[in-house]
Amino acid sequence: MPPPRQPYPQPQHPQPQWDQQWDDPQRRPPPPRRVAPAPRPRSRWPLVLAILVGLPLVLIGSCVALIGASAEKVQEERAGGTVALGEAFSYKSGLGLSVSVPVPHAVDNRFIVDPDTERAFAVTVKVFNGTDHPVAAALVTVNATVASRPVERIVLDGTGLVTQDVAPGQALEYPARFKAPKDLTGPLQIAVTAEFNEPVFFTGQIT
């Protein structure tokens with residue numbers, strides 16, 4: 001008779017052995033270090049654009065400030081004023097003006113001054129050149145009002161037209177004659193303008 005069958009041996013599978021080093025927190029390998037990505041280079045265009053836009057604005061602002069300061073200085077030099085007849089006025093540039101107190105003036109030609117309805121008076125205009133350049137007397141204008149009414153300037157034989165130039169440091173005097181209605185009296189104002197300055201008003205009375 002056959003021998004009895006032996007039971008089939010079961011395969012022995014090795015049991016996994018857990019490495020105890022992983023149970024020790026101090027022996028665990030550190031986690032992988034995260035490396036931050038390299039920063040992207042910043043564009044220089046905003047800075048360039050700011051310079052291109054801002055620089056002209058700064059230059060324009062500087063030019064405007066300089067022009068404003070120059071204009072203010074010129075305005076101060078050109079400023080006129082009001083003084084009494086017989087007194088002198090000087091611009092900031094050194095140019096001086098004066099107008100004398102009026103005196104009666106006789107005119108023989110009745111076609112120029114009608115003695116029945118008109119009378120004439122004269123003043124002496126003085127221009128003193130305290131500047132560093134010649135001043136043309138032809139650029140000095142003179143006009144007058146009596147009681148706020150304009151009166152006519154008289155020109156006799158060209159004596160009312162002055163064309164001389166006044167050198168620096170020199171002065172020029174010449175008469176200015178006017179006629180007004182015989183019965184017109186009151187405040188007298190003679191305005192004198194030299195070169196391109198503002199006018200100077202010389203005030204007084206005429207009776």
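How much accessible surface does the protein have, and what share of that surface belongs to carbon and sulfur atoms? The accessible surface (Shrake-Rupley method, 1.4 Å probe) comes to about 15,500 Å², of which 59% belongs to carbon and sulfur atoms. This is a predicted model, in which local features need pLDDT of at least 70 and side-chain atom pairs count only at pLDDT 80 or more, while totals for chains, interfaces and linings use all residues. Residues are numbered from 1 along each chain as its sequence is written, and side-chain values use heavy atoms, with hydrogens and water left out.

View 1. Helices (H or I, at least four residues) and strands (E, at least two) are DSSP runs, numbered from the N terminus. Of the 207 residues, 26% count as buried, meaning under 20% relative accessible area with a 1.4 Å probe and protein chains only.

**View 2. The aromatic rings of Phe-89 and Tyr-91.** Rings of Phe, Tyr and Trp (its six-membered ring) pair if their centres lie within 6.5 Å, and by this rule the count comes to two aromatic pairs. The centres of the Phe-89 and Tyr-91 rings are 5.3 Å apart and their planes stand at 85 degrees, so this pair is edge-to-face (over 60 degrees). Both residues are buried.

**View 3. Strand S8 (residues 149–154) and its partner S7 (residues 140–146).** The two strands run antiparallel and are joined by three bridges, where pairing requires at least two DSSP bridges. Val-146 has Arg-149 in S8 as its bridge partner, and in the hairpin, with two residues between the strands, Ala-147 takes a positive phi near 55 degrees.

Terms used. Buried means under 20% relative accessible area, exposed over 50%, partly exposed in between (1.4 Å probe, protein chains only). Rings of Phe, Tyr and Trp (its six-membered ring) pair if their centres lie within 6.5 Å; planes under 30 degrees apart count as stacked, over 60 as edge-to-face and the rest as tilted.
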